[in-house]
Amino acid sequence: MLVSAAAEKWGVGAASCRARNGEVSHTPSGRRLKYGALVEAAAKLPVPKPESVALKPHSEFKLIGTPAKRSIFPAR
């Protein structure tokens, strides 16, 4: 929905936009917007059906399957 909001704002296709590292970018034009700047517009878009959302392949996962740093001190 963030990608769709950015694409709509820029007047480009959503397929040419990419979301990563807290921002949506449009590589051909070099435009970028932080997620926070897109939240309001994205919230007004219809929620897509789960079966229509394409998930990225496992080879692109950065956090899933990696060891998590754990604190030795208890949370307060």
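A pocket is an open set of grid points with protein on both sides within 12 Å along at least five of seven lines. In this predicted model, the largest pocket has a volume of about 690 Å³. Its lining consists of 18 residues, and those nearest the centre of the pocket are Val3, Arg18, Ala19, Ala54 and Lys56. Two elements, H1 and strand S1 (17-20), each give two or more residues to this lining. The largest share comes from S1, which supplies four residues. By class, the lining of the largest pocket comprises nine nonpolar, four polar and five charged residues.

The largest nonpolar core is made up of ten residues, namely Ala5, Ala6, Ala7, Trp10, Cys17, Val24, Leu33, Leu38, Ala42 and Leu45. At least two residues of this core come from each of helix H1 (2-10) and helix H2 (35-43). H1 gives the most, with four residues. In soluble globular proteins, nonpolar side chains tend to be buried together.

Cys17, one of the core residues, is in contact with Val3, Ala7, Trp10, Val12, Val24, Ser25 and His26 when neighbours within four places in sequence are left aside. Among these partners, Ser25 is found in strand S2 (residues 23-26). Ser25 counts as buried because its relative accessibility is 9%, and the cut-off for burial is under 20%. With neighbours within four places in sequence again left aside, the contacts of Ser25 are Trp10, Ser16, Cys17, Arg18, Arg31 and Arg32.

Notes. Residues are numbered from 1 along each chain as its sequence is written. This is a predicted model: local features need pLDDT of at least 70, side-chain atom pairs count only at pLDDT 80 or more; totals for chains, interfaces and linings use all residues. Side-chain values use heavy atoms; hydrogens and water are left out. A nonpolar core is a set of buried Ala, Val, Leu, Ile, Met, Phe, Trp, Tyr and Cys residues joined through side-chain atoms within 4.5 Å. Buried means under 20% relative accessible area, exposed over 50%, partly exposed in between (1.4 Å probe, protein chains only). Contact means heavy atoms within 4.5 Å. On a 1 Å grid over the protein atoms alone, a cavity is a set of points where a 1.4 Å probe fits but cannot get out, and a pocket is an open set with protein on both sides within 12 Å along at least five of seven lines; lining residues have an atom within 4 Å of a point. Grid points are joined across faces, edges and corners, and a volume is the space filled by probe spheres set on the points. Ala, Val, Leu, Ile, Met, Phe, Trp, Tyr, Cys and Pro count as nonpolar, Asp, Glu, Lys and Arg as charged, and the others, Gly among them, as polar.
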